[in-house]
Amino acid sequence: MSSTKMEGALNQLLAPHKIKDYCPNGLQIEGKSQIQKVVTGVTACQELIDIAIAKQADAILVHHGYFWKGEPEVLKGMKRERIAALIKHDINLFAYHLPLDVHPELGNNAQLAQRLGIKLRRGLEPWDPLSVAQVGKFAEPITPQELSQRLNVALEREPLWIDGNKPEIRSVAICTGGGQNYIDLAASQGIDAFISGEVSERTVYTAREMNIHYYSAGHHATERYGVQAVGEWLAENYGLDVEYVEINNPV
């Protein structure tokens, strides 16, 4: 598969042109023209690049790539080392940030909801058809303790749970990664619980004072499954050799 065709297929699937983002989505660093072996991961860190080199990958597909708005533009230090390694070994780097969060089937929110038994129904931001945060429900109400346990099993890590002083949970808002600031909007809509990856100091007081259960389940952990789902999609539809590599990150 050519790198151009792979980017076209991913762009058609994830529609990055429809959403305003903080980084370029798609092919961020061009490598060899033909692709057969693809390594996927959450973040294009040096360890993932080194593993891709060892596996003789033609491309890397990640959720967190490079060239974020507001970061220094110069290529030196850690950033230079990463990019130099990709260019030296002729490896393509594909990265999709918010488009990978919001995809209704393969996205991070959708994949996490599926593992928790939540049926997503709408965006948390009713004015935005591509709301980054999503809202869903359990078929039957569960206890706050049960949701904490489901997160523990699904993500293989115990979440931080802030008690919202409600005996049952039916409605849930989800925003994987650094989505903690959506808790106020979720609480204002009377939603029972909110799940994100990261947590801020103020999030605790919002949960307690606005009576909404809050779960911080880890930025990395909540965003592992979207890129895996897209990698599986590439393998099934284009016959590529795709391998997900887990790089431990406790945050």
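Which residue stands opposite Phe-194 in E9? I looked it up and found Ala-173 opposite Phe-194.

I note that this is a predicted model, with local features taken at pLDDT of at least 70, side-chain atom pairs only at pLDDT 80 or more, and totals for chains, interfaces and linings over all residues. Residues are numbered from 1 along each chain as its sequence is written, and side-chain values use heavy atoms, without hydrogens and water.

Strand E9. I took helices (H or I, at least four residues) and strands (E, at least two) as DSSP runs numbered from the N terminus. I count strands as paired if DSSP finds at least two bridges between them. E8 (residues 169-175) pairs with E9 (residues 193-196) in the parallel sense over four bridges. E9 also runs parallel to E10 (residues 213-216), joined by four bridges, and there Ser-196 faces Ser-216.

I then checked burial (buried is under 20% relative accessible area, 1.4 Å probe, protein chains only). Ala-193 and Ile-195 on one side of E9 are buried, as are Phe-194 and Ser-196 on the other. In a regular strand the side chains alternate between the two faces of the sheet.

Helices H5 and H6. I read H5 (residues 108-116) against H6 (residues 144-155): the angle is about 115° and the axes are 9 Å apart. Axes are lines fitted to C-alpha atoms over the stretch in contact, and angles run from 0 to 180 degrees between N-to-C directions. For contact (heavy atoms within 4.5 Å), I list Leu-112, Arg-115 and Leu-116 in H5 against Arg-150, Leu-151, Ala-154 and Leu-155 in H6.

Terms used. Buried means under 20% relative accessible area, exposed over 50%, partly exposed in between (1.4 Å probe, protein chains only).
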